[in-house]
Amino acid sequence: MSTPDLFDIAQKEAEAQGAFVSSVLCCGSTACLTSGGQAARDAIDEVVASNGLERDVRVVSTGCMGLCSRGPLVKVRRRGEDEVLYADVDGDAAREIAERHVVGGEAVEHGQLSLDHPFFARQVRVVLEHLGEHDPNRIEDYILRGGYKALERAVLEMTPEAVVDEVLKSGLRGRGGGGYPAGNKWSLLAKAPGDDKSVIANGDEGDPGAYMDRTVMEDDPHRVLEGLALCAYATGAKQGFIYVRAEYPVAVRRLEQAIRQAKRNKVLGKSIFGTAFAFDVEIRIGAGAFVCGEETALMASIMGGRGTPVLRPPYPTERGLWGNPSLIQNVETLANVPTILNRGAEWFASIGTERSRGTKVFALAGKLENTGLIEVPMGITLREIVEDIGGGVAGGRPFKAAQTGGPSGGCIPAKHLDTSMDYESLQALGSIMGSGGLIVMDDEVKMPEVARFFMQFCMDESCGKCLPCRAGTHELHELLKKVCAGEGTLPDLDRLETLCEVVRDNSLCGLGQTAPNPVLSTLHYFREEYEALVAGAAVPQASAQPGVNAQDGSA
Amino acid sequence: MAKVTISIDGVEVKAEQGTTVMAAAASVGVKIPGLCQYDGLSTHGACRLCMVQLNGTPKPKPACATPITEGMEVHTTTPRLQEHRKVLLEMLFAEGQHVCAVCVASGACELQTLAADVGVDHVSFNPPATRQTLDLSHPYLGYDPTRCILCTRCVRACGEVEGAFTWGLAGRGREVHLITDLGTPWGESTTCTGCGKCISVCPTGAMFSRGTSVAERRPRRDLVPTLTARRDLEAARKEPS
C-alpha cells in the first residue's frame with residue numbers, strides 16, 4: 001500500500017479497542033508519575049493479570065488529565081456505565097479500585113472526583129482534547145480520533161494558499177508569548193523565495209512552573225507533527241525541526257517514536273499521502289539555555305553555534321537557518337492547526353475574544369486548591385480561573401496577586417481580578433500572556449522577593465552578549481537583594497526604576513527587554529511593600545535627597 | 001544607487017539607501033558613540049551605546065544596525081538617551097577594572113574618551129569581587145580580561161579578516177569571557193598567526209603588545225589596511241563599473 005488509509009487504520013483500532021469490556025485510563029504524565037503513578041498502574045496491571053482479565057480490560061497510560069495537584073489520577077470506564085474518575089490513587093487505592101470496580105463492577109466511593117467539577121467543566125479543550133483519553137505511544141490511537149485527517153485533506157484537496165488562508169481567517173496568534181498572528185508569518189514564508197525553507201517548532205519552554213509545551217509534546221506528539229507538516233505544506237518548506245530542551249527527555253523520546261511511526265505510515269517523509277509533498281522532521285535538543293527560546297538564538301543553536309540572539313531585522317522569514325527563509329512557531333500554536341483545519345476557521349474564531357481567538361493552555365500553579373494544566377477560552381476572567389477552576393486560594397487565604405508570563409511577565413493584583421485573559425488586556429496591566437505560566441500568590445508572599453527571584457532567573461539566564469542585559473540584570477539583582485534585606489533607601493527605589501528603563505529600552509532581545517517587567521509591575525501595584533522595606537533602612541529618609549544616586553560604590 | 005534624505009539632530013543628510021544611521025551621521029561629522037561597531041567588520045550590535053531615537057518614538061534603535069529610510073528623523077543625544085548611555089557606561093566600568101592611571105591605552109582609549117564625552121564622573125555600581133587573571137603566555141602579545149568590554153571586535157577581526165578564528169567566547173551572562181583555541185592559553189594556540197589585528201581593533205587596553213607601558217599603547221589602525229581595503233573592495237563589487 002503506497003498511501004496510508006487512515007480510515008482503515010482507524011477502523012482496525014476501533015475494533016481492537018471495542019473488544020475490551022472496560023478500560024482503565026491511568027494518567028501517565030510526568031506530574032502523576034512523580035507522585036506515584038507508576039505504582040498505581042502496576043497494581044492495576046497485577047490485579048487484572050491475576051484475575052485473567054487481560055482480554056477484557058484495557059489498561060492504558062494516557063496523557064495528562066489536568067488536575068495535577070490531585071494526582072495520580074485514574075479513570076475507569078465500563079461498557080454501558082458512566083465513567084468514574086479517581087484522585088490521589090496510590091498503590092493501595094489502585095488495588096482496591098481494580099479489585100472492587102474493575103473486577104467486581106462496583107465503584108469505590110472514596111477518592112471519586114466529579115467530572116462536573118468546575119475544574120473540568122469550565123475548560124474548553126482544543127489543544128489538549130486527546131489528553132487523558134488516548135495512548136500517546138500509538139499513532140493508531142491518534143488516527144482513531146481523527147488524527148492526520150487535516151493533513152490528508154490539505155495535501156489531497158487544498159492548495160497551500162488555501163491552508164494559509166484558513167489559518168489567517170482563524171485569527172490564530174503565536175502562543176509562545178509574543179502573540180504575532182500565525183497566518184501572517186505563514187504567508188510571509190510562503191511568499192519568500194528559495195527552495196530550502198524550514199519550519200521550526202519551538203519547544204524550548206523555560207518559564208519557571210510552566211509545562212504546557214512539555215505536556216503537549218509528551219502526550220500528543222503526533223498533533224505537533226501534524227501541525228508542523230501542515231505548516232510546511234502551506235509554506236513550501238521541506239525540512240522541519242523540533243527544538244526541545246534537554247530537560248524534557250520523555251518529550252524527546254515520544255517525539256522520536258512519533259516521527260518513526262509517522263514515517264512508517266507515510267504521513268511524513270518522502271511522498272506524503274502518495275503526493276509529491278515531501279517533508280522531514282528532525283529533533284534538535286537544546287543544552288539548557290532559557291535564551292534559546294528566543295527565535296534567533298534558537299536558530300543559532302540549531303546551526304551548532306553559541307545560543308545567542310542576533311539583531312532583527314532581518315527576520316527569520318527573510319533570513320533564517322543557514323541564510324534560508326525559516327519560520328518558528330511555538331509548539332502550542334502548531335498544535336492548534338489540525339483542529340482549525342478539521343473544524344474550520346469560523347469555529348475556531350468563535351472561541352475567545354475579538355482580537356484573541358481560540359483557547360490558551362495555562363499551567364496553573366501556586367497557592368490554589370486545584371493546580372494543574374488547564375485550557376480555557378481566551379477572554380475568560382482571571383477571577384473565573386482562580387475561583388472556579390482553581391477552587392480559590394488554598395486554605396481560604398486572601399488572594400494577593402497572579403503572575404503571568406514567567407520572568408517576562410508581571411504581577412496582577414486583586415483589584416484586576418476581573419480582567420479578561422487576552423493579549424491586549426494583560427499587556428495593558430503591565431503583564432503579558434506569555435507562554436502560559438500562571439502562578440497565584442496569597443497574602444504571605446512578599447512581592448519584592450518575587451521580583452528578586454525573577455530577576456535572579458533572568459540574570460542567570462542572560463546570554464551575556466549585550467551590555468544592558470548582561471550587566472543590567474546583575475545590577476538590578478544586587479539592588480533588589482539590598483532592598484529585600486532591608487538595607488535599601490528611598491532613592492534606591494527611583495534608581496531601581498531608572499535601571500529597569502535602561503535594561504528594557506536598550507537590550508538586544510526579548511529576554512532583556514522584558515526582564516524588568518516583574519520589578520516594574522510589582523513596583524507599580526505594591527509600592528507600599530517596597531517602601532515598608534526601605535523605611536527601616538539605616539539612612540534616614542529625611543536626609544536622602546530624591547534624584548541623588550544611592551551611594552553604594554564603597555559598600 | 002538611490003539617495004535618501006533624512007535628518008540627524010535637525011540637520012538634513014543625504015545618503016545612499018541601505019546606509020546605516022551611524023554611517024550617515026558620520027558622513028556629516030556627527031559621531032554617534034559606539035564601542036562594538038568597527039568599519040569593515042560585521043555588525044555585532046551588542047554594546048547598545050549607539051542607541052538613537054527615530055521619528056519621535058520612545059523606543060530607541062541601534063544606529064549601527066538600522067538602515068536609513070526616506071524622511072527618517074534621528075535624534076542622537078536626547079536627555080533620555082544620554083542618561084541611559086551614562087548608566088550603561090557606568091555598568092561597563094563596574095564590570096571590569098578600568099584604572100586609566102595604570103593602563104597602557106590611557107589617552108587613546110575609546111571607552112575613556114566616550115566616558116569623558118558623556119560625562120561619567122563616578123561609578124555607582126560595585127566592582128566584581130573576583131579578578132580574572134591575565135593571559136601573558138604569548139611571546140609578544142598580551143590580554144587583560146579585566147579591561148575587556150566584550151565588544152568582540154577581536155573575535156570578528158580574527159575570524160573575518162585574518163581567517164584564523166583563534167578568538168572565541170565562552171560562558172554566559174556575567175561569566176562570558178574571551179578564549180583562544182577552545183580555552184588553551186594564547187601562547188599555546190596553534191591557530192594564532194601573531195598578526196596583531198586583535199590589538200589593532202581593541203577599543204580599550206585589554207589587548208596590547210607586551211612591553212608597552214602606561215599610556216604607550218597607540219593602536220595603529222592604518223596598519224590594518226585589510227579592513228579598509230575589504231570595505232573598498234565590497235563597495236567596488238556592489239557597483240560594477
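A residue is buried if 20 or more other C-beta atoms lie within 10 Å of its own, with C-beta atoms placed from the backbone, and a nonpolar core is a set of buried Ala, Val, Leu, Ile, Met, Phe, Trp, Tyr and Cys residues joined through C-beta atoms within 7 Å. The model is predicted: local features need pLDDT of at least 70, side-chain atom pairs count only at pLDDT 80 or more, and totals for chains, interfaces and linings use all residues. Residues are numbered from 1 along each chain as its sequence is written, and chains are lettered from A and ligands numbered from 1 in the order in which they are written.

**View 1. The largest nonpolar core.** This core has 233 residues, of which Ile44(A), Val74(A), Val224(A), Leu228(A), Leu230(A) and Cys231(A) touch the most other members. Helix H11 of chain A (residues 221-235) gives the most to this core, 9 residues; helices are DSSP runs (H or I, at least four residues), numbered from the N terminus.

**View 2. Surroundings of Val224(A).** Leaving aside residues up to four places away in sequence, Val224(A) touches Ala201(A), Val216(A), Met217(A), Ile242(A), Val331(A), Leu334(A) and Ala335(A) (contact: C-beta atoms, placed from the backbone, within 7 Å).

**View 3. Helix H10 of chain A.** All 8 of the 8 residues of H10(A) (residues 212-219) are buried, so this helix is largely enclosed by the rest of the structure. Among the buried residues are Asp213(A), Arg214(A), Glu218(A) and Asp219(A).

Technical notes. A residue is buried if 20 or more other C-beta atoms lie within 10 Å of its own, exposed if 12 or fewer, and partly exposed in between; C-beta atoms are placed from the backbone. Helices (H or I, at least four residues) and strands (E, at least two) are DSSP runs, numbered from the N terminus. Two residues are in contact if their C-beta atoms, placed from the backbone, lie within 7 Å.
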